[in-house]
Amino acid sequence: MKTVELHDTDYPLLLSLIQDPPQKLWYRGDLSVLDNRTIAIVGSRRATEYGKWAARTMAKRYSDHGIVIISGMAEGIDSFAHEGALCGSSPTVAVFGCGVDICFPQGNQILLQRILENGLLLSEYPPGFRPARYTFPARNRIISGLSYATVVVEAALSSGSLITAERAAEQGREVYAVPGNINRKTSIGSNKLIADGARPLVFIDDVLTDMGVPIRDEVRKGVALSASENKIYEIIKRNGEIRVEEIVALGGFSVQTT
């Protein structure tokens with residue numbers, strides 16, 4: 001367990017620039033990973049399959065381009081963002097709403113250990129400090145404060161992710177939101193962010209382009225797919241959760257083919 005204070009030279013620079021930076025941080029892992037470019041990916045604890053896919057895919061993509069992914073290790077979108085980053089080439093950072101010696105939620109013990117292998121666990125709360133309702137909204141300003149940009153994948157109207165987005169905007173950082181199904185509660189908050197001025201994340205690489213990161217060609221690896229399977233894959237990739245009937249219509253398949 002280590003500490004860093006606001007006046008120290010190794011205190012995270014981006015975080016020191018916000019209006020109310022923590023005076024002291026406790027951490028486990030490598031603090032220097034915050035010297036790299038950073039993006040926060042946050043969202044609903046009750047994530048849909050589409051949201052999980054988006055968080056994991058974006059995090060891996062950005063990680064493979066040298067971006068450190070920051071999130072809160074909560075259930076749902078946060079956890080999938082960390083997992084996606086761990087599948088990429090760069091470290092990931094989890095910001096806690098409790099002491100960094102406490103795994104919250106408890107089910108994320110394995111994820112915590114994986115993050116620690118070359119990433120960072122960070123908190124403004126001392127060891128032994130238990131999570132409370134008020135600690136998470138306060139924690140969210142640190143997530144956005146450590147990041148050049150914040151991406152909200154899915155969020156209900158009461159989601160803490162909206163607090164993170166609000167803090168990011170107040171801190172002068174870019175806010176992106178992934179457009180979602182207007183018929184799902186978990187998309188209302190993220191869609192409203194777009195209506196209120198957040199950048200709609202139409203293409204995953206938009207964030208990289210805006211940050212001036214050169215885009216590297218992606219090579220799909222894995223088993224060879226037939227022409228029909230490739231078409232189905234692309235339809236699902238574009239649309240997320242989708243019914244078989246819609247795949248048939250969009251792909252021009254017969255029911256027997258699918």
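The order is β1-β2-β6-β5-β4-β3-β7-β8-β9, and the pairing is mixed; strands are DSSP runs of E of at least two residues and helices runs of H or I of at least four, numbered from the N terminus, and two strands pair if DSSP finds at least two bridges between them. At the edges stand β1 (2–5) and β9 (199–200), each with a single partner strand, so one side of each has no neighbour in the sheet.

The model is predicted, with local features requiring pLDDT of at least 70 and side-chain atom pairs pLDDT 80 or more, while totals for chains, interfaces and linings use all residues. Residues are numbered from 1 along each chain as its sequence is written, and side-chain values use heavy atoms, without hydrogens or water.

## Strands β7 and β8

Strand β7 (residues 149–152) runs parallel to strand β8 (residues 174–177), to which four bridges join it, and Val151 has Tyr176 in β8 as its bridge partner.

## Helices on the sheet

Packing on the sheet, α5 touches β3 (38–42), β4 (68–71), β5 and β7, where contact means heavy atoms within 4.5 Å. The direction of α5 makes about 160° with that of β5; axes are lines fitted to C-alpha atoms, for helices over the stretch in contact, and angles run from 0 to 180 degrees between N-to-C directions.

## Helices α5 and α6

Helix α5 (residues 135–145) packs against helix α6 (residues 160–170) at an angle of about 50°, with the axes 8 Å apart. In α5, Pro137, Asn140, Arg141, Ile143 and Ser144 meet Gly160, Ile163, Thr164, Arg167 and Ala168 of α6.
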